[in-house]
Amino acid sequence: MRAKTPLPVPSRESTGRGTTPARFLADLGRQQLAVATDAACALLRGSEAMRAIQHQAAREASLRHQAAAQKLHGNCEPADLLAIQSDLLSFDLQGATQYWQQITAAALQSQVEMMASATHLLDSEQGGALKSAMESFQAAITSSNGFFAGKPAATAPQIHA
(Lines give C-alpha, C1' and ligand atoms only; values in the text may rest on other atoms or scores of the structure.)
Protein backbone atom coordinates (compact mmCIF):
# COMPACT_ATOMS: atom_id res chain seq x y z
CA MET A 1 0.00 0.00 0.00
CA ARG A 2 1.19 3.42 -0.90
CA ALA A 3 1.71 6.02 1.83
CA LYS A 4 -0.23 9.20 1.34
CA THR A 5 1.92 12.25 1.18
CA PRO A 6 0.29 15.63 1.10
CA LEU A 7 0.70 17.54 -2.09
CA PRO A 8 2.62 20.76 -1.67
CA VAL A 9 0.34 23.77 -1.60
CA PRO A 10 1.62 26.49 -3.87
CA SER A 11 2.44 29.64 -1.99
CA ARG A 12 1.13 33.02 -3.04
CA GLU A 13 4.62 33.90 -4.26
CA SER A 14 4.86 30.91 -6.56
CA THR A 15 1.40 31.42 -7.99
CA GLY A 16 2.18 35.01 -8.90
CA ARG A 17 -0.96 36.28 -7.19
CA GLY A 18 0.90 38.33 -4.60
CA THR A 19 3.36 38.20 -1.80
CA THR A 20 3.24 36.78 1.67
CA PRO A 21 2.04 39.13 4.42
CA ALA A 22 5.49 39.25 6.00
CA ARG A 23 7.16 40.14 2.72
CA PHE A 24 4.42 42.67 1.96
CA LEU A 25 4.93 44.37 5.33
CA ALA A 26 8.70 44.39 4.90
CA ASP A 27 8.30 45.87 1.43
CA LEU A 28 5.81 48.39 2.76
CA GLY A 29 8.34 49.48 5.38
CA ARG A 30 11.03 49.79 2.71
CA GLN A 31 8.74 51.86 0.49
CA GLN A 32 7.79 54.13 3.39
CA LEU A 33 11.44 54.64 4.25
CA ALA A 34 12.23 55.40 0.60
CA VAL A 35 9.42 57.98 0.46
CA ALA A 36 10.55 59.58 3.72
CA THR A 37 14.15 59.70 2.51
CA ASP A 38 13.11 61.22 -0.83
CA ALA A 39 11.08 63.83 1.03
CA ALA A 40 14.03 64.61 3.31
CA CYS A 41 16.27 65.04 0.26
CA ALA A 42 13.74 67.43 -1.30
CA LEU A 43 13.52 69.37 1.97
CA LEU A 44 17.30 69.64 2.23
CA ARG A 45 17.63 70.74 -1.42
CA GLY A 46 15.01 73.39 -0.72
CA SER A 47 16.92 74.51 2.35
CA GLU A 48 20.10 74.80 0.28
CA ALA A 49 18.27 76.82 -2.38
CA MET A 50 16.84 79.17 0.26
CA ARG A 51 20.24 79.59 1.85
CA ALA A 52 21.74 80.46 -1.55
CA ILE A 53 18.99 83.04 -2.10
CA GLN A 54 19.65 84.54 1.34
CA HIS A 55 23.39 84.66 0.65
CA GLN A 56 22.89 86.36 -2.72
CA ALA A 57 20.44 88.93 -1.29
CA ALA A 58 22.74 89.72 1.63
CA ARG A 59 25.73 90.10 -0.68
CA GLU A 60 23.91 92.47 -3.03
CA ALA A 61 22.56 94.55 -0.12
CA SER A 62 26.02 94.67 1.44
CA LEU A 63 27.57 95.98 -1.78
CA ARG A 64 24.85 98.65 -2.15
CA HIS A 65 25.25 99.82 1.45
CA GLN A 66 29.03 99.82 1.18
CA ALA A 67 28.86 102.01 -1.93
CA ALA A 68 26.42 104.37 -0.16
CA ALA A 69 28.71 104.55 2.88
CA GLN A 70 31.67 105.49 0.68
CA LYS A 71 29.64 108.28 -0.93
CA LEU A 72 28.55 109.53 2.50
CA HIS A 73 32.18 109.67 3.76
CA GLY A 74 33.00 112.10 0.95
CA ASN A 75 31.85 115.66 0.54
CA CYS A 76 28.11 115.67 -0.06
CA GLU A 77 25.54 118.34 -0.56
CA PRO A 78 22.20 118.03 1.25
CA ALA A 79 20.55 117.10 -2.06
CA ASP A 80 23.12 114.31 -2.49
CA LEU A 81 22.23 112.96 0.96
CA LEU A 82 18.59 112.75 -0.04
CA ALA A 83 19.43 111.10 -3.39
CA ILE A 84 21.71 108.51 -1.74
CA GLN A 85 19.11 107.72 0.88
CA SER A 86 16.24 107.43 -1.63
CA ASP A 87 18.33 105.24 -3.98
CA LEU A 88 19.28 103.00 -1.10
CA LEU A 89 15.66 102.73 0.04
CA SER A 90 14.47 102.04 -3.50
CA PHE A 91 17.03 99.29 -4.08
CA ASP A 92 16.35 97.76 -0.65
CA LEU A 93 12.59 97.60 -1.30
CA GLN A 94 13.16 96.13 -4.76
CA GLY A 95 15.67 93.64 -3.32
CA ALA A 96 13.30 92.64 -0.53
CA THR A 97 10.49 92.04 -3.02
CA GLN A 98 12.74 89.95 -5.24
CA TYR A 99 14.09 88.07 -2.20
CA TRP A 100 10.63 87.05 -0.96
CA GLN A 101 9.52 86.03 -4.44
CA GLN A 102 12.58 83.78 -4.78
CA ILE A 103 12.13 82.33 -1.28
CA THR A 104 8.47 81.59 -2.00
CA ALA A 105 9.33 79.94 -5.32
CA ALA A 106 12.01 77.80 -3.65
CA ALA A 107 9.61 76.77 -0.88
CA LEU A 108 6.91 75.85 -3.39
CA GLN A 109 9.41 73.87 -5.47
CA SER A 110 10.49 72.01 -2.35
CA GLN A 111 6.86 71.20 -1.48
CA VAL A 112 6.19 69.98 -5.03
CA GLU A 113 9.22 67.68 -4.86
CA MET A 114 8.16 66.38 -1.44
CA MET A 115 4.63 65.64 -2.68
CA ALA A 116 6.00 63.98 -5.82
CA SER A 117 8.07 61.63 -3.68
CA ALA A 118 4.89 60.37 -2.00
CA THR A 119 2.56 60.36 -4.99
CA HIS A 120 4.85 58.39 -7.28
CA LEU A 121 4.52 55.49 -4.84
CA LEU A 122 0.74 55.49 -5.12
CA ASP A 123 0.80 55.94 -8.90
CA SER A 124 3.13 53.00 -9.52
CA GLU A 125 2.10 49.39 -10.14
CA GLN A 126 2.91 48.53 -6.55
CA GLY A 127 0.90 51.55 -5.43
CA GLY A 128 -2.33 49.96 -6.63
CA ALA A 129 -1.60 46.88 -4.57
CA LEU A 130 -0.57 49.08 -1.70
CA LYS A 131 -3.78 51.11 -1.84
CA SER A 132 -5.99 48.03 -2.11
CA ALA A 133 -4.09 46.27 0.68
CA MET A 134 -4.37 49.29 2.94
CA GLU A 135 -8.08 49.64 2.16
CA SER A 136 -8.61 45.93 2.88
CA PHE A 137 -6.64 46.21 6.09
CA GLN A 138 -8.67 49.23 7.18
CA ALA A 139 -11.95 47.54 6.27
CA ALA A 140 -10.95 44.39 8.19
CA ILE A 141 -10.11 46.37 11.29
CA THR A 142 -13.30 48.40 11.29
CA SER A 143 -15.62 45.49 10.51
CA SER A 144 -14.08 42.87 12.79
CA ASN A 145 -13.94 44.81 15.99
CA GLY A 146 -16.56 47.20 17.29
CA PHE A 147 -13.90 49.08 19.23
CA PHE A 148 -12.32 50.40 16.02
CA ALA A 149 -15.58 50.84 14.17
CA GLY A 150 -16.88 53.50 16.53
CA LYS A 151 -19.92 53.45 18.72
CA PRO A 152 -23.04 51.98 17.16
CA ALA A 153 -25.94 54.32 16.77
CA ALA A 154 -28.24 54.16 19.75
CA THR A 155 -31.69 53.02 18.81
CA ALA A 156 -34.45 54.71 20.72
CA PRO A 157 -37.50 52.62 21.51
CA GLN A 158 -40.28 53.38 19.14
CA ILE A 159 -43.41 54.71 20.74
CA HIS A 160 -46.61 53.90 18.93
CA ALA A 161 -49.41 56.38 19.34
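Let's start with Cys-76, which is partly exposed, with a relative accessible area of 29%. Here buried means under 20% relative accessible area, exposed means over 50%, and partly exposed is in between, using a 1.4 Å probe and protein chains only. Cys-41 also counts as partly exposed, at 34% relative accessibility.

Before I go on, a word on what you are looking at. This is a predicted model, where local features need pLDDT of at least 70 and side-chain atom pairs count only at pLDDT 80 or more, while totals for chains, interfaces and linings use all residues. Residues are numbered from 1 along each chain as its sequence is written, and side-chain values use heavy atoms, with hydrogens and water left out.

Now, the overall layout. The protein has five helices and zero strands, so the pattern along the sequence is written α-α-α-α-α, with helices (H or I, at least four residues) and strands (E, at least two) taken as DSSP runs numbered from the N terminus. Of its 161 residues, 11% count as buried. The protein exposes about 13200 Å², and carbon and sulfur atoms supply 62% of that area; accessible areas come from the Shrake-Rupley method with a 1.4 Å probe, and for residues only the protein chains shown count as cover.

What about contacts along the chain? Contact means heavy atoms within 4.5 Å. Among the contacts in the protein with a separation of 6 or more, 67% come from residues 24 or more positions apart.

On to the charged side chains. How many salt bridges does a search of the whole structure find? The search finds three, a salt bridge being a side-chain nitrogen of Lys or Arg within 4 Å of a carboxyl oxygen of Asp or Glu.

Take Asp-27 and Arg-30, whose side chains meet in a salt bridge at 2.6 Å, N to O. These two are three residues apart in helix H2, which covers residues 21–73, so about one helical turn separates them. Asp-27 is partly exposed at 24% relative accessible area, and Arg-30 is partly exposed too, at 46%.

Next comes the salt bridge between Arg-45 and Glu-113, with the closest N and O atoms 2.8 Å apart. This pair links distant parts of the chain: Arg-45 sits in helix H2 and Glu-113 in helix H3 (residues 78–123), 68 residues apart. Arg-45 counts as partly exposed at 45% relative accessibility, and Glu-113 as partly exposed at 26%.

The remaining one to show you joins the side chains of Asp-92 and Arg-64, at 3.6 Å, N to O. Again distant parts of the chain are linked, with Asp-92 in helix H3 and Arg-64 in helix H2, 28 residues apart. Asp-92 is partly exposed at 24% relative accessibility, and Arg-64 is partly exposed at 23%.

Let me finish with a serine. Is Ser-117 buried or exposed? At 6% relative accessibility, Ser-117 counts as buried. Ser-117 lies in helix H3. And which residues does Ser-117 touch, leaving aside its neighbours within four places in sequence? Ser-117 is in contact with Val-35, Asp-38 and Ala-39.
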